[in-house]
Amino acid sequence: MAPISAFQVIECRTIDNTTIRGCFYAVAGPAPAIIMTPGFNCVKEMLLPDVAEVFQSSGFNAFIYDPRNIGDSDGSPRNQIDPLRQAEDLTDIITHISALPSVDASQITLWGMSFGATVSACTASLDRRVKALVMVCPILSFVKPEKREKAFVQIIKDRQSQLRGNEAFTLPPFNARGENPIGMAGSGGPGGLESFQFMNAVIDRGAPSFRNRITLQSYYKLALFEPKSLLCMLDVTPVMMIVPELANEAFEKFQQPKELYTVKGKGHLTVLSGDGSEKVSQAQIQFLEAILHGGLAD
């Protein structure tokens, strides 16, 4: 994991006075800006710095950040994942980044990895200031039907326990078998094991603020989160989706200018790294330049 360089620390205040902290990679401006949201319970140092530096070297401002309750950003309970709050926060981040001297406020792109791609899409569904959207391996379904009853019982018991004055129950997003209580994000399969191994190696690879635990109530928030219903409003903003060799039902429903880039032989967390990563980067830059310089053909 590459160290972060050539950036300045930026603080963004949300409408409820929560401070979101991140790293801003500036270019001579005014120039377009790409706001980059990390994956589920991930901090900004995980996968994003290398991509941000590529964007910066190509003439784009880039901002990577820790979502609320995570890493260097404020908010509590710590490591409680609240997707709707994160989507709202992203609208406030757009406002802050748009006001920076090097940024052309009419040229804002949202970029998200995994869960961050889903949050970014929800923000873009409502916020028409977003000029383009790049979704890398979005997660659009969370609670598997066969996991639902047991998980919901655990969640409600935890809420009752907290009302009695006990601490919120926390757990790793994936256990050693690559599983989690609601069956999300490849739970129990190769994707879940990939995530478990990745998250357990993170602290030693340059992300000291990462905490490999989330609150159980995060799953309550996810159960109430219906991103597919919001995506029907994502009908104007041009979209690029980057995925492994998997069919993507959501992409097929988009009617606006769009581009699907499949990365053969890669997993959920490796689509941006290793062999072929330069081609993936170049495809993103070409997509954004086409949008910003007059539009992408349907």
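Which residues point one way from S9, and which the other way? Val 239, Met 241 and Val 243 point one way, Met 240 and Ile 242 point the other way, and all are buried, where buried means under 20% relative accessible area, exposed over 50% and partly exposed in between (1.4 Å probe, protein chains only).

## Basis of the description

The model is predicted: local features need pLDDT of at least 70, side-chain atom pairs count only at pLDDT 80 or more, and totals for chains, interfaces and linings use all residues. Residues are numbered from 1 along each chain as its sequence is written, and side-chain values use heavy atoms, with hydrogens and water left out.

Helices (H or I, at least four residues) and strands (E, at least two) are DSSP runs, numbered from the N terminus. Two strands pair if DSSP finds at least two bridges between them.

## The open sheet

Eight strands form an open sheet with mixed pairing, in the order S1-S2-S4-S3-S5-S6-S9-S10. Strand S1 (8-13) and S10 are the edge strands, each pairing on one side only. On average, neighbouring strands are turned by 20° against each other, direction ignored; axes are lines fitted to C-alpha atoms, for helices over the stretch in contact, and angles run from 0 to 180 degrees between N-to-C directions.

Helix H1 (residues 48-57) packs on the sheet and touches S2, S3, S4 and S5, contact being heavy atoms within 4.5 Å. The direction of H1 makes about 170° with that of S3. Strand S3 (residues 31-37) pairs with strand S4 (residues 61-65) in the parallel sense over four bridges, and Ala 33 stands opposite Asn 61 in S4.

Strand S5 (residues 103-113) runs parallel to S6, and six bridges join them; the bridge partner of Gly 112 in S6 is Met 135. Together with helix H3 (residues 115-126), S5 and S6 make a right-handed β-α-β unit. Right-handed means that, with the strands pointing away from the viewer, the path from the first strand over the helix to the second runs clockwise.

Six of the seven residues of S6 are buried, leaving this strand mostly covered. Strand S6 (residues 130-136) pairs with S9 in the parallel sense over four bridges. Leu 133 has Val 239 of S9 as its bridge partner, and Val 134 stands opposite Met 240 in S9. On S10 (residues 258-262), S9 pairs in the parallel sense over five bridges, with Glu 259 of S10 as the bridge partner of Met 240. Because five of the five residues of strand S9 (residues 239-243) are buried, S9 is largely enclosed by the rest of the structure.

## Nonpolar core

A nonpolar core is a set of buried Ala, Val, Leu, Ile, Met, Phe, Trp, Tyr and Cys residues joined through side-chain atoms within 4.5 Å. The largest one holds 90 residues, of which Ile 35, Met 36, Phe 55, Ile 97 and Trp 111 touch the most other members. Helix H9 (residues 277-292) supplies the largest share of this core, seven residues.

Helix H2 (residues 83-98) has 16 residues and reaches 22 Å from its first C-alpha to its last, close to the 22 Å expected at 1.5 Å times one less than its number of residues. Among its buried residues are Leu 90, Ile 93, Ile 94 and Ile 97.

Cys 23 lies in strand S2 (residues 19-25) and counts as buried because its relative accessibility is 3%.
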